[in-house]
Amino acid sequence: MLKDKYLLVSQRLKLVEMLTETNALFRKPELIEDVGDNGWTHPWRYVDALRNYLLLTCFDVLGQTREWIAFDAWLKAKKCREERAVAVGQLTDTTNPVAVASALHEKYVELYGVKLSFYNFIHTVISSDARTMLYQSIKVPTTLGSPQGINSNQAFDSARDELLFRIRNRYTHQAQSFGNSSGGVFDPSEKHYDSGGREVKVWELVVSDFSEENQTNSFVRDWPNVLISVVKNGLENFKQ
């Protein structure tokens with residue numbers, strides 16, 4: 001199982017590399033699409049979103065503490081008999097079939113949930129330096145406008161975890177693409193420097209959330225490079 005996961009994640013990293021190599025084919029201003037309200041998008045956004053998604057799925061693969069199994073298979077598998085017995089023993093209502101189903105599923109998620117594996121990768125599998133690099137590549141949340149200074153307190157780190165998981169899940173379940181269009185117009189490999197000649201990483205909008213009161217924006221920088229580095233770090237630690 002260890003060898004299979006290492007191979008699968010390595011193959012996914014290679015696929016991301018291949019997608020990146022297609023950028024020159026997409027870098028055409030004539031592909032810009034008007035989306036109204038002085039906004040625009042570009043097909044590269046979907047390639048960028050796919051890269052982000054593929055890398056984020058590596059988080060839950062490398063964060064699994066046991067071999068994943070689907071809920072319906074878990075209900076029947078002989079190897080999971082003891083786990084089910086524990087779940088049944090904790091039931092407080094055995095007369096309501098909906099309550100029973102809910103309790104069993106809750107126990108299953110506790111053991112095999114994707115979120116559990118995803119967060120375990122961030123908090124346990126990767127090194128503290130890799131985690132810091134990951135968190136410092138994310139700005140969430142901010143009100144409408146430019147990102148403010150980095151806030152590294154625990155509340156913001158938790159919000160960053162949630163954003164990462166939301167990007168992964170919304171792509172899977174809602175077909176929402178969280179990528180950046182700028183790579184379809186500007187060369188992503190182009191470096192940016194401040195007035196002192198130091199290289200800086202540009203913040204790019206990745207998610208906008210709307211409510212009746214306002215709009216909140218989340219930004220990332222140096223993606224997918226940071227995600228690639230974090231997955232590679234996790235891969236090395238996973239192999240050990």
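## A buried lysine

Where does Lys5 sit in this structure? Lys5 belongs to helix H1, which covers residues 2–20. Keep in mind as you look around that this is a predicted model.

Is Lys5 buried or exposed? Lys5 has a relative accessible area of 8%, and because buried means under 20%, Lys5 counts as buried. So who is around it? Setting aside neighbours within four places in sequence, Lys5 is in contact with Val61, Gln64, Arg66 and Phe238.

## The aromatic pairs

Let's turn to the rings. Searching the whole structure turns up 10 aromatic pairs. One of them is Phe59 with Phe121: the ring centres are 4.5 Å apart and the planes meet at 35°, so this pair is tilted. Phe59 comes from helix H3 (residues 44–63) and Phe121 from helix H7 (residues 114–125), so to speak two distant parts of the chain, 62 residues apart, linked by the pair. Both of these phenylalanines, Phe59 and Phe121, are buried.

Then there's Tyr119 with Phe165. Their ring centres lie 6.1 Å apart with the planes at 85°, and because planes over 60 degrees apart count as edge-to-face, that is the label this pair gets. Tyr119 is in helix H7, while Phe165 is in helix H9 (residues 154–174), so the pair ties together parts that are 46 residues apart in sequence.

How buried are these two? Tyr119 has a relative accessible area of 19%, which makes it buried, and Phe165 is buried too, at 11%.

## Strands S6 and S7

Now for the strands. S6 (residues 203–210) and S7 run antiparallel, joined by 7 bridges. If you want a spot to start from, find Trp203, which stands opposite Arg221 in S7.

Terms used
Residues are numbered from 1 along each chain as its sequence is written. This is a predicted model: local features need pLDDT of at least 70, side-chain atom pairs count only at pLDDT 80 or more; totals for chains, interfaces and linings use all residues. Side-chain values use heavy atoms; hydrogens and water are left out. Helices (H or I, at least four residues) and strands (E, at least two) are DSSP runs, numbered from the N terminus. Buried means under 20% relative accessible area, exposed over 50%, partly exposed in between (1.4 Å probe, protein chains only). Contact means heavy atoms within 4.5 Å. Two strands pair if DSSP finds at least two bridges between them. Rings of Phe, Tyr and Trp (its six-membered ring) pair if their centres lie within 6.5 Å; planes under 30 degrees apart count as stacked, over 60 as edge-to-face and the rest as tilted.
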